[in-house]
Amino acid sequence: FPGFHYRERAGRSYGPGIADMKGGLAVLAAALHMLERSGLASPTIVVVLSSDEQAGSLRSRAVIESLASGADWCLCVECARDGGKLMASRAQVGVGLLDVWGREAHAGSARSAGVSAARELSRIVPDCEDLTDEVNGIYVTVGLMQAGRRRSVVPGHGWCVLDVRTPNADAWECTESALRRLVEPRTPGCSSRLQTHSHRPAVLRTAATDRLTEIVAGAGDPLGLSVTVTNSGAAGSSAFAGGSCAVTTLDGMGPAGGDLMTDHEYIETDSLVSRASLLALSLHLLADVGPSHSATPTEGR
C-alpha cells in the first residue's frame, strides 16, 4: 500500500505483512535462538519458509508436502487470532472465475439490440454471496469484478473472481454445486461459464490436535500464558501438512495481531517475546513426546 510503513503506537507495531506473517518469522528465529542458548532438549526440527503463499503456493506446495510426509507434528507461526488464540482447524479454500456473455450494441442508436452482461452479472453476484453461512463456516466473496469495454457500448462480456471457503471437502462440493446452479443465466441471450479450483485442503481438528494443544498449553503454564484455540475460516501453508499429509497441525503460534492484508495490519508488540517463549518451550516438551497417529475429526469441540 502506498504510504503504509512501519510504525509503533500504543503497544502495537504496524506495517505491511507484519502479522501475516513477518512477525511469525521473528517469533520463529527468536524461539530457535532461545533453545540454542538455553541448551534445552528439542526434537529434530525442519524449518520451511514459504514466500509464495499469497500467490497460491504454486512452487512451495511440493516442497512442504515432501518434508511434511516425514513429520510427526507441525507448528505454524502465522499470527494468532482474536488476541492470541491458536488455530486447531483451517478452511478448505479455492477460487472461482465466472464469465458472463451478452450481446454488444451501441448504447444510443441500437440500445434495444444489446443484452447487457453487466446487468446479468450484477444479478448473479448477490445470489452467490448469499451462500455465505458464517455459522457453518461457509464464505463466498466476490473480490474482483468487471464488465464492458467502453462507456458507449452495451457490455457484451463481464467477469468476476470468487473466493470460496468451507470447513471441509464435503461442504466445498455442496457449495460448488450451489454456485453452478446460481450462475445459470435468466436473461435471454446471455450465457455463462464458471471455473473453480480448490487449491488448499482443509486442516481438520482431531483428537491428536487436542493432544498437541494440551502440550502447548502445558508450555504456557510456567510462562503465565493461557492457551486457547479457535477454528479458523482462513487458510495457509499449513494446509499442505495438516490437510494433504494429515500431519497433526497447530497453527497461529506467531504473535497476536489483526487487520490482516489491510493498510493498518498490526501485531501486539509485547507478544513477540511471549510467543517466542511459548514456541521454544513447546518444542522442548515435544522432545519427550512420541508421534501422533490419530486422525479422528473432533470438529466443533
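Met21 is placed in helix α1, where helices are DSSP runs of H or I with at least four residues and strands are runs of E with at least two, both numbered from the N terminus. The peptide bond that leads from Asp20 to Met21 is cis, with omega near 10°. The model is predicted, so that local features need pLDDT of at least 70 and side-chain atom pairs count only at pLDDT 80 or more, while totals for chains, interfaces and linings use all residues. Residues are numbered from 1 along each chain as its sequence is written, and side-chain values use heavy atoms, with hydrogens and water left out.

The chain contains seven helices and 12 strands. Its C-alpha trace spans about 80 × 45 × 35 Å along the principal axes. Of the 301 residues in the chain, 43% are buried; buried means under 20% relative accessible area, exposed over 50%, and partly exposed in between, with a 1.4 Å probe and protein chains only. The accessible surface of the chain amounts to about 15,200 Å², and carbon and sulfur atoms account for 52% of this area. Accessible areas come from the Shrake-Rupley method with a 1.4 Å probe, and for residues only the protein chains shown count as cover. Among contacts (heavy atoms within 4.5 Å) between residues at least 6 apart in sequence, 79% join residues at least 24 apart.

The chain carries 27 positive and 33 negative charges, and the mean positions of the two sets are 8 Å apart. In this count Lys and Arg are positive and Asp and Glu negative, with His and the chain ends not counted. The place of a charge is taken as NZ of Lys, CZ of Arg, CG of Asp or CD of Glu.

Side chains of opposite charge can pair when their charged atoms come close. The structure holds 13 salt bridges, each defined as a side-chain nitrogen of Lys or Arg within 4 Å of a carboxyl oxygen of Asp or Glu. One of them joins the side chains of Arg61 and Glu65, with an N to O distance of 2.8 Å. Both residues belong to helix α2 (residues 60-68), and because they are four residues apart, about one helical turn separates them. Arg61 is partly exposed, at a relative accessible area of 29%, and Glu65 is also partly exposed, at 22%.

A salt bridge is also formed by Arg90 and Glu78, whose closest N and O atoms are 3.6 Å apart. This pair links distant parts of the chain, 12 residues apart: Arg90 is in the loop between β4 (86-89) and β5 (92-101), and Glu78 is in the loop between β3 (73-75) and β4. Both Arg90 and Glu78 are buried.

The side chains of Arg186 and Asp127 meet in a further salt bridge, at 3.5 Å from N to O. Arg186 is exposed, with a relative accessible area of 59%, whereas Asp127 is partly exposed, at 22%. Salt bridges with shared partners connect Glu78, Arg81, Arg90 and Asp251 in one network.

Leu25, Ile45, Val47 and Leu49 make a nonpolar surface patch of about 340 Å². Patches consist of residues with over 30% relative accessible area and no salt bridge; like charges are joined within 9 Å, and nonpolar side chains (Val, Leu, Ile, Met, Phe, Trp, Tyr) within 5 Å. Leu25 lies in helix α1 (residues 18-38) and is partly exposed, its relative accessible area being 40%.

Leu225 occupies the loop between α5 (207-220) and β9 (229-231). With a relative accessibility of 25%, Leu225 counts as partly exposed. When residues up to four places away in sequence are left out, Leu225 touches Gly220, Ser274 and Leu278. Leu225 and Ala68 are 157 residues apart along the chain, and their C-alpha atoms are separated by 28 Å.

Positive phi values occur at Ala246, at about 55°, and at Met261, at about 60°, although neither residue is a glycine. Ala246 is in the loop between α6 (239-244) and β10 (248-250) and is exposed, with a relative accessible area of 55%. Met261 is in the loop between β11 (257-258) and β12 (266-268) and is likewise exposed, at 56%.
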